[in-house]
Amino acid sequence: MNKTLSGRALLLALVAMTLAACGGKPTEPTRQDEVRVSSDHPVVGQRWNLLLVGTNERLSMPTTPHFVIAADGRVTGHDGCNAINGKVQLDGSNRIQFRELASTKMGCPQLDDARRVTTMMETAYRYLIDHDRLVFFGPDQRVLGGWRKAN
């Protein structure tokens with residue numbers, strides 16, 4: 001009989017905790033597709049042309065790889081072979097995250113280099129701005145590549 005009472009007490013305690021957790025004020029759903037970034041952010045509204053992959057490799061592409069971040073969090077650009085678009089999230093700690101990058105599917109002789117450009121963007125974790133240059137770092141703090149402000 002003692003086991004039955006302690007089992008019931010445990011069950012009632014669990015039910016009470018569950019109800020207490022559910023009884024709070026409903027929260028507003030967050031919409032990941034409505035990411036907004038400050039229009040005066042130094043990365044936003046500026047065209048960035050690819051300068052280097054890694055720390056010293058320059059790519060020769062049919063079209064200069066570039067991107068532009070809009071204040072609504074959307075990114076558009078070119079990987080050297082294909083137009084790209086997607087979303088980006090920036091924060092005050094120099095964090096950057098490109099999401100949902102998509103591209104056209106045109107072929108070109110430098111398709112492997114174009115993939116390296118989009119891979120750099122997809123794996124970018126932090127950035128640093130130095131004058132007219134933007135450097136991407138991976139989660140391991142390794143330099144992924146650099147971009148230069150277009151004039």
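**View 1. Two helices and 8 strands make up the protein chain.** Helices here are DSSP runs of H or I with at least four residues, strands are runs of E with at least two, and both are numbered from the N terminus. Keep in mind that this is a predicted model, where local features need pLDDT of at least 70, side-chain atom pairs count only at pLDDT 80 or more, and totals for chains, interfaces and linings use all residues. Residues are numbered from 1 along each chain as its sequence is written, and side-chain values use heavy atoms, with hydrogens and water left out. Follow the protein chain along its sequence and you get α-β-β-β-β-β-α-β-β-β. Of its 151 residues, 34% count as buried, meaning under 20% relative accessible area, with over 50% called exposed and anything in between partly exposed (1.4 Å probe, protein chains only).

**View 2. The 8 strands line up in an open sheet.** Going across, the order is β5-β4-β3-β2-β1-β8-β7-β6, and the pairing is antiparallel. Two strands pair if DSSP finds at least two bridges between them. At the edges sit β5 and β6 (126–130), each pairing on one side only. From one strand to the next, the twist averages 30 degrees; axes are lines fitted to C-alpha atoms, for helices over the stretch in contact, and angles run from 0 to 180 degrees between N-to-C directions.

**View 3. β3 and β4 form a hairpin.** There are 4 residues between the two strands, and Gly-80 in the turn has a positive phi of about 110 degrees. The strands pair in the antiparallel sense over 5 bridges.

View 4. Val-88 stands opposite Phe-98 in β5, while Leu-90 stands opposite Ile-96 in β5.

**View 5. Helix α2 lies across much of the sheet's strand list: β1, β2, β3 (74–78), β4, β5, β7 and β8.** The helix runs at about 100 degrees to β8.

**View 6. The largest nonpolar core has 28 residues.** A nonpolar core is a set of buried Ala, Val, Leu, Ile, Met, Phe, Trp, Tyr and Cys residues joined through side-chain atoms within 4.5 Å. Phe-67, Ile-96, Phe-98, Met-121, Phe-136 and Trp-147 touch the most other members. At least two core residues each come from β1 (47–53), β2 (66–69), β4 (83–90), β5 (96–103), α2 (111–123), β7 (133–137) and β8 (143–149). The largest share, 4 residues, is supplied by α2.

**View 7. Cys-81 and Cys-108 are joined by a disulfide.** The S to S distance is 1.6 Å; a disulfide is counted when a pair of cysteine sulfur atoms lies within 2.5 Å. Searching the whole structure turns up 1 disulfide. Cys-81 is in the loop between β3 and β4 and Cys-108 in the loop between β5 and α2, so the pair ties together parts that are 27 residues apart in sequence. At 10% relative accessibility, Cys-81 counts as buried.

Technical notes
Contact means heavy atoms within 4.5 Å.
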